[in-house]
Amino acid sequence: MTIRSTGQSWALDTALAQGGFDALHPEAVGTMEQLGHDHTDFAKVFALVRSGAMLPKAWATVAGQAEERAAHHERGGFTQTAADLYLRAAVMWGRAQYSIFDAADRRKTAMRERANHCVERLGALREGRVRRVELDFEGSRIHALLHLPAGPVENAPAVILGPGMDMIKEDYIWAAERYYTSRGMVALSIEGPGQGESRAGGLTVDLGNYERAIGRYLDHLAALPEVDADRIGMFGISMSGYWGSRAAATDRRLAALAAFEAVTGDFATIFERAQPTFKNNYMYMAGYTDEAAFDRDLAQRMPLGDLVADITCPVLYGIGEFDELTDLGQALESFERVRAPKELRVYEDEFHPLGGVAAEVFRFGAEWLQRALAGEFAEPGRDVRHYVHRDGRTTDGSADPTWWLGTAPTALTGVRHARARRG
C-alpha cells in the first residue's frame, strides 16, 4: 500500500458510501456494461458497499447469485440463458479478486477458480467458440481467451483486445462476441505481465516485457489457420492504449491500433494525482512493495515520449477531455509526435472511463479496425482530428476543445511549432 492510499482511505470510503461507483468514476457504468456487467448486478453490488473493504464481499456475493442462476438454467436445458449468466458471473468474480493485492492470498485464488469455471461452462455452451489460451513466456506463462466466429473461418482478420491495468481477459467476452466475432473476425482477449492469471503465476510487468508479451500473442494468432497473419490489429483501453502504442512502435506485425483512454502523458498524473488505487495496483503488478523504489525505478522512465514516432501502422486514439489519468494537453503532445497515418477524437466533458460514449467507442473502434485491417486509412500523411461535443455535434479538423479559443497549452504549442519547422 502506498503512503497516500493509506492516509486517504477514508476519502475512498466516504465517496463509495455517498455516491457509489459513480463518485469515483463518473458515468463509468456505461463502460462496465461494455465489459459484460449487467447494470442490475452493478446496482446490487453497490447497494451492499459502504467502504472499500466491502467491495470483494459484495462482488463475490452477487457473482455467486448469478452463477447459481446460470447452473439452474443449464440444468433446465436453457443453454443461451445459462451462458449469458455465466458471463455475468465471470466478470464479477474477476472484480471480486481485483481488490486483493496479494497473489498468494487463497481468497484471490478461489475467486479466480470460480471465474475460470464460469468461462469453462460458457465456452461449452457457446460450442467451443470461447477457448482458454496459455502460452510459455520468458520462463513463465501468459493467459488469454480466444474468441471465434460461428461456423468455419479461415484467413480472417484478428484483433488483440488489451485490458486496462485493473482489467482481466474475461472483461472482453461480451465485446468480443458483439463487435468482432459477429463480424467474422477472430478476437484474443489477453492478460499481459502483471495482470490476472499471469500475475498469479508470478509474472510481473516491467518497462519492456508487456510489448514482448503482445509479440508472443501475435506469434500464436499468426499460427492459427483461422487467422490472416498480415491482418492482426489491437484494441486497447487505458494502460493497454499505452502498451499497445509501445507494441506498435516495436513490432511491425501489428497492422493497426485503436486506443481509447490511453495513458500517454506523464506518470505523475496517474501515480500522484489520480486516485491512489491506481498506484497501489501498478505496484502490485510490477512486484513492488517499496514505494520509493517504485518511484525511482519506474515512474520517470515509463512515459512514451518520442517512442510513438516509431509507429508505422494506422492508429486511432480517443480520449476524454478531462481524463483523470492523462492531461489532455499531454495527450495531444503525444499525438503530434506520431508520424504514422493517424486519427484522434476528443470527447467533450468525458472522464477516463468514457462512460458517456462507451457504446459508441467500442463499436466505432471495432468498425475502424475492421476497415483499417482491410487496407483503409494507410495513406501517408493522414491526420484526422475531431472534437466530439456532448450535444451531438462534431468539430472536424481539430481535436482541441473549442473553449481554448484557438490557443493551446504552452508545451503543446512548442511541440506543434517544432513539428511545423520540420515540415
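Analyst: Start with burial: buried means under 20% relative accessible area, exposed over 50%, and partly exposed in between, with a 1.4 Å probe and protein chains only. At 2%, Tyr179 therefore counts as buried. This is a predicted model, in which local features need pLDDT of at least 70 and side-chain atom pairs pLDDT 80 or more, while totals for chains, interfaces and linings use all residues. Residues are numbered from 1 along each chain as its sequence is written, and side-chain values use heavy atoms, leaving out hydrogens and water.

User: Why is Trp174 called partly exposed?

Analyst: Its relative accessible area is 27%.

User: What makes Trp174 and Tyr179 an edge-to-face pair?

Analyst: Two values decide it. A pair of aromatic rings is described by the distance of the centres and the angle of the planes. Rings of Phe, Tyr and Trp (its six-membered ring) pair if their centres lie within 6.5 Å; planes under 30 degrees apart count as stacked, over 60 as edge-to-face and the rest as tilted. Trp174 and Tyr179 are 6.1 Å apart centre to centre, with 85 degrees between the planes. So the pair is edge-to-face.

User: What makes Trp368 and Phe377 a stacked pair?

Analyst: Their planes are 10 degrees apart, and the centres are separated by 5.3 Å. The angle is under the stacking limit, so the pair is stacked. Both residues are buried.

User: How many aromatic pairs are there, and which residues form one aromatic cluster?

Analyst: The structure holds 20 aromatic pairs. One cluster is formed by Tyr210, Tyr242, Trp243, Phe267, Phe271, Tyr282, Tyr288 and Phe294.

User: What makes a set of residues a nonpolar core, and which members of the largest one touch the most others?

Analyst: A nonpolar core is a set of buried Ala, Val, Leu, Ile, Met, Phe, Trp, Tyr and Cys residues joined through side-chain atoms within 4.5 Å. The largest has 70 residues. Leu221, Met239, Trp243, Tyr282 and Tyr317 touch the most other members. Apart from that core lies another, of 63 residues, including Phe46, Ala175, Tyr180 and Trp368.

User: What does Met239 contact beyond its sequence neighbours?

Analyst: Contact means heavy atoms within 4.5 Å. Leaving aside neighbours within four places in sequence, Met239 contacts Gly164, Met165, Val263, Phe267, Ile270, Tyr282 and Met302.

User: Why are α13 and α14 called roughly perpendicular?

Analyst: Helices (H or I, at least four residues) and strands (E, at least two) are DSSP runs, numbered from the N terminus. Axes are lines fitted to C-alpha atoms, for helices over the stretch in contact, and angles run from 0 to 180 degrees between N-to-C directions. Angles under 35 degrees count as roughly parallel, over 145 as roughly antiparallel, 65 to 115 as roughly perpendicular and the rest as oblique. Helix α13 (residues 276–286) and helix α14 (residues 291–299) pack at about 80 degrees, with axes 11 Å apart. So α13 and α14 are roughly perpendicular.

User: Which residues meet there?

Analyst: Lys279, Tyr282, Met283 and Ala286 of α13 meet Glu291, Phe294, Asp295 and Leu298 of α14. By class, the contact has five nonpolar, no polar and three charged residues. Ala, Val, Leu, Ile, Met, Phe, Trp, Tyr, Cys and Pro count as nonpolar, Asp, Glu, Lys and Arg as charged, and the others, Gly among them, as polar.

User: How do you know that α15 and α17 are roughly parallel?

Analyst: Helix α15 (residues 328–337) and helix α17 (residues 410–422) pack at about 10 degrees, with axes 9 Å apart. The angle is under the parallel limit, so the label is roughly parallel. Gly329, Leu332, Glu333, Glu336 and Arg337 of α15 meet Ala411, Leu412, Val415, Arg416 and Arg419 of α17. That contact has four nonpolar, one polar and five charged residues.

User: Is Arg75 buried or exposed?

Analyst: Arg75, in helix α5 (residues 55–75), has a relative accessible area of 66%. That is over the 50% limit, so Arg75 is exposed.

User: Why is Met111 called buried?

Analyst: Met111 sits in helix α7 (residues 106–125). Its relative accessibility is 12%, under the 20% limit, so it counts as buried. Beyond four places in sequence, Met111 touches Ala60, Trp93, Ala96, Gln97 and Ile100.
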